[in-house]
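Work through the exercises below on aromatic rings. Each task is followed by a solution in steps.

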Amino acid sequence: MEHTEDYTTEELIQSRKAKKFNLWLGMIGMFMMFAALSSGFIVYTASGVDKGIKTILPDTFIYSTIVILVSSLTLHFAYRATKREQIGKQKLYLLLTIALGIAFFVLQTDAWSVLADRGIYFVNNNASQSFIYVFTGMHLAHIIAGLIVLVRCLWGAMKPIPFPENQFRMNLAGIFWHFLDLLWIYIYVFLLLNQ
């Protein structure tokens, strides 16, 4: 946690700029990782007619997409409440966002169960089907990180921390969570187009 009394105004501004820059660098790195996975998938599936997902994606992915879109909306409401210094609403919307994030996680693991029931496992002769687990598993790892960030924001709102610190945390959390939302939409559309 930043102790604003230990910083001059200029140092605080520089510290926050550095944190935001680091977040953007991390997100660019995540995007590049998923772009590389997409390229690997395309190259592999192009290597033969026996390659490819060869199954319809579980309907659970549709539900999880709706859940993560709604979670972005609730986080937006939490950020808006933060800017208006409505801590009660901020906490409520953060709790809703966290609950929706957990629901997204559960739905994704349920989709894996559906795939397993169809005989599609991570370790598979057709690596295209394994890529479903790789894409969704890597995204879930980032969802866990996002949930940790959201819990930290909630904790800060419950303490409460000073308003500028609270708003800055919420801003970073919003950027990251919306990025995860967009990343999931990319993954889902990519898998849909290649099923």
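**Aromatic pairs**

Counting ring pairs whose centres lie within 6.5 Å gives 13 aromatic pairs. The model is a predicted one.

**Exercise 1.** Classify the pair of Phe 34 and Phe 135, and state which helices the two residues lie in.

Solution. 
- Step 1. The ring centres of Phe 34 and Phe 135 are 6.4 Å apart, and the planes make an angle of 20°.
- Step 2. Planes under 30 degrees apart count as stacked, so Phe 34 and Phe 135 are a stacked pair.
- Step 3. Phe 34 belongs to helix α1 (residues 9-45) and Phe 135 to helix α4 (residues 127-158), so the pair ties together parts 101 residues apart in sequence.

**Exercise 2.** Is Phe 34 buried or exposed, and is Phe 135 buried or exposed?

Solution. 
- Step 1. The cut-off for buried is under 20% relative accessible area.
- Step 2. Phe 34 has a value of 0%, so Phe 34 is buried.
- Step 3. Phe 135 has a relative accessible area of 0%, so Phe 135 is buried.

**Exercise 3.** Classify the pair of Phe 77 and Tyr 93.

Solution. 
- Step 1. The centres are 5.4 Å apart and the planes of Phe 77 and Tyr 93 stand at 50°.
- Step 2. Phe 77 in helix α2 (residues 60-83) and Tyr 93 in helix α3 (residues 87-117) are 16 residues apart.
- Step 3. Phe 77 is partly exposed at 24% relative accessible area, and Tyr 93 is partly exposed at 23%.

**Exercise 4.** Which residues do ring pairs link into a cluster with Phe 34?

Solution. 
- The cluster joins Phe 34 with Phe 41, Phe 131, Phe 135, Tyr 186 and Phe 190.

Definitions and conventions:
Residues numbered from 1 in each chain as written. Predicted model: local features only at pLDDT ≥ 70, side-chain atom pairs only at ≥ 80, totals over all residues. Heavy atoms only, no water. Phe/Tyr/Trp six-rings, centres within 6.5 Å; stacked < 30°, edge-to-face > 60°. Helix = DSSP H or I, 4+ residues; strand = E, 2+ residues; numbered from the N terminus. Buried < 20%, exposed > 50% of the residue type's maximum accessible area, 1.4 Å probe, protein only.
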